[in-house]
Amino acid sequence: MTLITSSIVELSDLVDARYGGKALGLAELAAAGFDVPAAFVIADADPDALPADLAERYARLAPPGSGTTVAVRSSAAGEDGAESSFAGQYESVLGVRDLDELVAAIRRCVESTGSERASAYQADSGISGTMHLVVQEMVEARAAGVVFTADPVSARRDLAVVDAVCGLGEALVDGSTASDHYEVDRDGAIATRVSGDRPALSDAEVGAVAAGAREAEARWGRPLDLEWAIDRSGRLRWLQARPITTLPGALDEMDSQVAGADHVYTRCNIGEMMPGAFCPLTASVSGQAIERAMQTVQVIAGFQQAYQDDRWLQLGYFSGHLFLNMTEGTALSSGILGNSLEQYSMSIAGRVVDELVAQPPKPFPVRLVNTVRLTTFAVSAGVAIRRLDRKLAAFATPSAPSPAALLAELDAGVELYDEATLTHVRSSSRSAVAANVLEETVVKEAVKAGRSEEDGRAQASALMAGGTDVESAVMLGQLDAVVDLLAADREAGQRFLDASPGEAVLALTGDSSAVARDLNAFLERHGHRGYRELCLRDPSWGDDPEGLGTIMQAMLRARLATGRSSRPARTHDDAQLSRAVRTLARMARKGAAGREGTKSRMVLVAHRLSRGYRLLGEQLAELGRLPDADLLFFFHRSELPALLSVPDTSEMVAAARARRDALPFQARLEFPDVSVGKPVPFVPQPPQGVEDGVIVGRPACSGSVEGTVRVATTVTEAQDLQPGEILVAPVTDVGWTPYFTLIAALVTDIGSSVSHGAVVAREYGLPCVVNTQGATRVLRTGDRVRVDGDRGTVTILAQTGQPVPEEAATPA
């Protein structure tokens, strides 16, 4: 007599995942009221020891003569669970019509536990091969598919992804049919659609599938992957539910609160200072230092009654990115004399922001007093700079030997960082005011003389070139000098190129040659600078010989290939200008230099804090409170005391790991340049400003040049730049500066006449167009274009794939 080991379990009796995640998911869907086709579970399935009541239970599911068919699917232990999905590793059998076919299907599914693919997966995941089976009524589907309550590719949890095919969903799973694809936002709107001439679903059905999945997600409390089908009568049925196992932490887990539902946020300006996505520690130190400084300015100038330490008002931190709140900034326009909403918009976003609503102007006496207070605050920045320099001279990198003492040193350093940031904001205010007044004056004179406003803006940009001791230009000049020495000594230069980038720098800094002396002098003054230099996690040039060496090798190859050193800054003739314009131009150039200098001081404090926080991470890792030092950067600063004191850090560590996993996904997000309310990422599309092959931006440095495009969305991609190419980038910061010696022109997605790229381009006489609103999405590496820095246009001459002349760039 055969021993019966298998048994039948009803969905209504399931309370946990002992019979597999697939069975539990169906049971929970059914219990929650979702329309689930009838089903039962065969526990511990064994084709040689079938349940005694199998025939009777099957007959109730598919009565003889009813024409009902069933599907037999695996529900192995660990399959479709929270840790791993195991999807597709075991067999499923569809269209079972009678008891004999059911028994055969059971055997086939059970035997698949020993397949090569399943065995390999079991070994990798540690999942056992215990097999349970779900026997479920099949739906005669008109359309079927899957829905994810979070996008498994981008990890965005604000998008539900629906994939649909006509007929059975297996055609989608096995890849035999191309599916319709929809992305649905939380309001139920279809944000993206890819479908054929005859879509499998109506828009209403797409919305119903997404809404049902969102309801299930809310009940489960986690993102889900669900299978569904719509039968011939239009009835939506739910066939399966399982957790999405590949998601990182929520991309918006650390988001700040929106200051107002109608507030206008922008990535312009702040996106140049802090490009990309940042770890929580950077946001809570660098980001909040900027927030404090900007709120302080508002208080000093009478625009805000008191500083609010518990709120993000001037900035916002969303999905790892920092945004500027322009609505809060409009207090400048309404509260002082001589500054309009349009001027404010142009200085921040490089265009008039139509979404921004002007606040009612303050009474004239109030505006007069505010103007005097703000002007005094800005022009007295020199006193603050000298005071800051005295404190910087006494500030060393925090290095206490114990975590508690080190954290106290770091907290004191953050106070200095706040002061340095406020000093930089004061200096930037002085610079921006001078640049704005200069541009307004020159534009008015141009229009009065019968020329266009664009001509006036181009002239104003040219007048801002030639500032004395602009830090970025000085820095680049010093590095250029090092490269020139290497180029002059063929043997030393070749030795530098033959080594790996990091080894090349380390070897050079360690010898006693003149080039070593100059490189060490460069690192002494500028070693704290680098790409994303306000990020506490990213290394500076002084801490990243590999990154610095890569840049220097690219510069050296260009120098050897072209035989020319970096181009000198172009001069301009002030003789024909009015006295007022000459005075304003001098003030604007001096202001730009001052702003660059205070930025360097601010970065110096960030650099030393970065080293201190990394040391703290190392100390906590040695004590076993962190698995690795890098994880420290994924805590908010306010969480650090608890990290030192709580008995068990496992929950905090798990949360920080989820945030670290989320950062690469956050870094890939793109946002509109301006958003009303909470900024929402978008799927990149070509910008609207392209007409007849011409991309329109904002002139930042005069001159016209034709050349080959190099699109670089990150500084890493810029390593491929060839001499004479035209760099097209989202935005540039100091980390990009050395590549300016290679390029023929610069084009950026965002920016203004006083942005980093514009300032350095002017110092090197490079035609520059900023604020194109998406040139990186229109142009491709290899395209040939004409950059007109006087008109602010980029004209596409030839697309990639068409013949391009041998010379990389020629004056137009």
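# Briefing on a predicted single-chain model

Helix H24, which spans residues 756-763, is mostly covered, with 8 of its 8 residues buried. The structure is a predicted model. Its chain contains 25 helices and 25 strands. Of the 812 residues in the chain, 55% count as buried. Among contacts between residues at least 6 apart in sequence, 69% join residues at least 24 apart.

- The buried residues of H24 are His-756, Gly-757, Ala-758, Val-759, Val-760, Ala-761, Arg-762 and Glu-763.
- Just after H24, Gly-765 adopts a positive phi of about 65°.
- Gly-751 belongs to the loop that runs between strand E21 (745-748) and H24.
- With a relative accessible area of 1%, Gly-751 is buried, because a residue counts as buried under 20%.
- Setting aside residues up to four places away in sequence, Gly-751 touches Glu-272, Ala-349, Gly-350, Val-770 and Asn-771.
- Gly-751 and Arg-698 are separated by 53 residues in sequence, and their C-alpha atoms are 8.4 Å apart in space.

**Confidence in the model**

- The chain has a mean pLDDT of 86, and 89% of its residues reach 70 or more.
- Residues 81-88 have a pLDDT below 50, and this stretch has 23 contacts in the model beyond near neighbours in sequence.
- Residues 802-809 also have a pLDDT under 50, and the model gives them 17 contacts beyond four places in sequence.
- Where pLDDT is low, the predicted coordinates should not be read in detail.

**Helices H17 and H20**

- The axes of helix H17 (residues 490-498) and helix H20 (residues 545-562) come within 10 Å and cross at roughly 135°.
- That angle makes H17 oblique to H20.
- The crossing of H17 past H20 is left-handed.
- On the H17 side, the contact is made by Arg-490, Gly-493, Phe-496 and Leu-497.
- On the H20 side, the contact is made by Gly-549, Met-552, Gln-553, Leu-556, Arg-557 and Leu-560.
- By class, the residues of the contact of H17 with H20 divide into 5 nonpolar, 3 polar and 2 charged.

**Helices H18 and H19**

- The axes of helix H18 (residues 501-509) and helix H19 (residues 514-526) come within 8 Å and cross at roughly 105°.
- H18 and H19 are therefore roughly perpendicular to each other.
- H18 contributes Val-505, Leu-508 and Thr-509 to the contact, while H19 contributes Val-515, Ala-516, Leu-519, Asn-520 and Leu-523.
- The contact of H18 with H19 has 6 nonpolar, 2 polar and no charged residues.

**Helices H2 and H3**

- Helix H2 (residues 54-61) packs with helix H3 (residues 99-111) at an angle of about 110°, and their axes are 11 Å apart.
- H2 and H3 are therefore roughly perpendicular to each other.
- H2 passes H3 in a crossing that is right-handed.
- Leu-54, Ala-55 and Tyr-58 of H2 make the contact with Leu-99, Leu-102 and Ile-106 of H3.
- The contact of H2 with H3 has 6 nonpolar, no polar and no charged residues.

- Most residues other than glycine have a negative phi.
- Asn-269 has a phi near 70°, a positive value in a residue other than glycine.
- Asn-269 is found in the loop between strand E12 (264-266) and helix H7 (270-273), and at 34% relative accessibility it counts as partly exposed.
- Ser-319 has a phi near 50°, again a positive value in a residue other than glycine.
- Ser-319 lies in the loop between strand E13 (315-318) and strand E14 (321-325), and with a relative accessible area of 9% it is buried.

**Gln-619 in helix H21**

- Gln-619 has its place in helix H21 (residues 579-622).
- The relative accessible area of Gln-619 is 9%, and this residue is buried.
- Leaving aside neighbours within four places in sequence, Gln-619 is in contact with Ala-400, Pro-401, Ser-402, Pro-403 and Leu-406.

Technical notes:
Residues are numbered from 1 along each chain as its sequence is written. This is a predicted model: local features need pLDDT of at least 70, side-chain atom pairs count only at pLDDT 80 or more; totals for chains, interfaces and linings use all residues. Side-chain values use heavy atoms; hydrogens and water are left out. Axes are lines fitted to C-alpha atoms, for helices over the stretch in contact, and angles run from 0 to 180 degrees between N-to-C directions. Helices (H or I, at least four residues) and strands (E, at least two) are DSSP runs, numbered from the N terminus. Angles under 35 degrees count as roughly parallel, over 145 as roughly antiparallel, 65 to 115 as roughly perpendicular and the rest as oblique. A crossing is left-handed if the near helix is turned anticlockwise from the far one by less than a right angle, and right-handed if clockwise. Contact means heavy atoms within 4.5 Å. Ala, Val, Leu, Ile, Met, Phe, Trp, Tyr, Cys and Pro count as nonpolar, Asp, Glu, Lys and Arg as charged, and the others, Gly among them, as polar. Buried means under 20% relative accessible area, exposed over 50%, partly exposed in between (1.4 Å probe, protein chains only). pLDDT is the predictor's confidence in each residue, from 0 to 100.
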